[in-house]
Amino acid sequence: MASIIGTIGRSALQGVLEDLIDQHGLTAVLTEIREICDGKGDHLRSNWQDEPNARIWDRAAVQIGNTADRLGKILPKALR
């Protein structure tokens, strides 16, 4: 990820993320990130038999999913 930030710059990455949040809502963006984390865990487990790192991605997915769920309950509908 550092290479992407280095290539496009931190402000550009923030702009992309802000646009995604504006278009789809914060909880939707977090939910998609959770799905990406799940997929990374599954990929490591299935293709590399790397259970320790797969579990790290699984835990990240759970934490991000929990955050998305909590925010979905407290944010006004327009901000979700």
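User: What share of the contacts in the protein with a separation of 6 or more comes from residues 24 or more positions apart?

Analyst: This is a predicted model, in which local features need pLDDT of at least 70 and side-chain atom pairs count only at pLDDT 80 or more, while totals for chains, interfaces and linings use all residues. Residues are numbered from 1 along each chain as its sequence is written, and side-chain values use heavy atoms, with hydrogens and water left out. Taking contact to mean heavy atoms within 4.5 Å, the share that belongs to residues 24 or more positions apart, among contacts with a separation of 6 or more, is 55%.

User: What box do the C-alpha atoms of the protein fill, and what percentage of its residues count as buried?

Analyst: Taken along the principal axes, the C-alpha atoms fill a box of roughly 40 × 35 × 15 Å. Relative accessible area sorts the residues into buried (under 20%), exposed (over 50%) and partly exposed (in between), using a 1.4 Å probe and protein chains only. Of the 80 residues, the percentage that count as buried is 16%.

User: How far apart are the end C-alpha atoms of H3?

Analyst: The expected span of a helix is 1.5 Å times one less than its number of residues, so the 23 residues of H3 should span 33 Å.

User: Which residues of H3 are buried, and which helices do they pack against?

Analyst: The buried residues in H3 are Thr-27, Val-29, Leu-30, Cys-37, Gly-41 and Leu-44. Their packing is against H2 and H4.

User: Which residues is Thr-27 in contact with, leaving aside its neighbours within four places in sequence?

Analyst: Thr-27 is found in helix H3 (residues 26–48), and it counts as buried because its relative accessibility is 14%. With neighbours within four places set aside, the residues in contact with Thr-27 are Ala-68, Leu-71, Gly-72 and Arg-80.

User: Which residues of H4 are buried, and what does their cover include?

Analyst: Helix H4 (residues 51–74) has 24 residues and should span 34 Å, which agrees with end C-alpha atoms 35 Å apart. Its buried residues are Ala-54, Ala-61, Gly-65 and Ala-68. The cover over these buried residues of H4 includes H3.

User: Is Gln-49 buried or exposed?

Analyst: Gln-49 lies in the loop between H3 and H4, and its phi is near 50 degrees, a positive value in a residue other than glycine. Its relative accessible area is 61%, and therefore Gln-49 is exposed.

User: Which residue with a positive phi follows H2?

Analyst: The 15 residues of helix H2 (residues 10–24) should span 21 Å, and the end C-alpha atoms are 21 Å apart, which agrees. Leu-17 is found in this helix and is partly exposed, with a relative accessible area of 36%. The residue that follows H2, with a positive phi near 95 degrees, is Gly-25.

User: Which residues is Leu-79 in contact with, leaving aside its neighbours within four places in sequence?

Analyst: Leu-79 has its place in the segment after H4, where it is exposed, with a relative accessible area of 51%. Its C-alpha atom is separated by 22 Å from that of Ile-36, 43 residues apart along the chain. Beyond its neighbours within four places in sequence, Leu-79 is in contact with Gly-25 and Leu-26.

How values were computed:
Helices (H or I, at least four residues) and strands (E, at least two) are DSSP runs, numbered from the N terminus.
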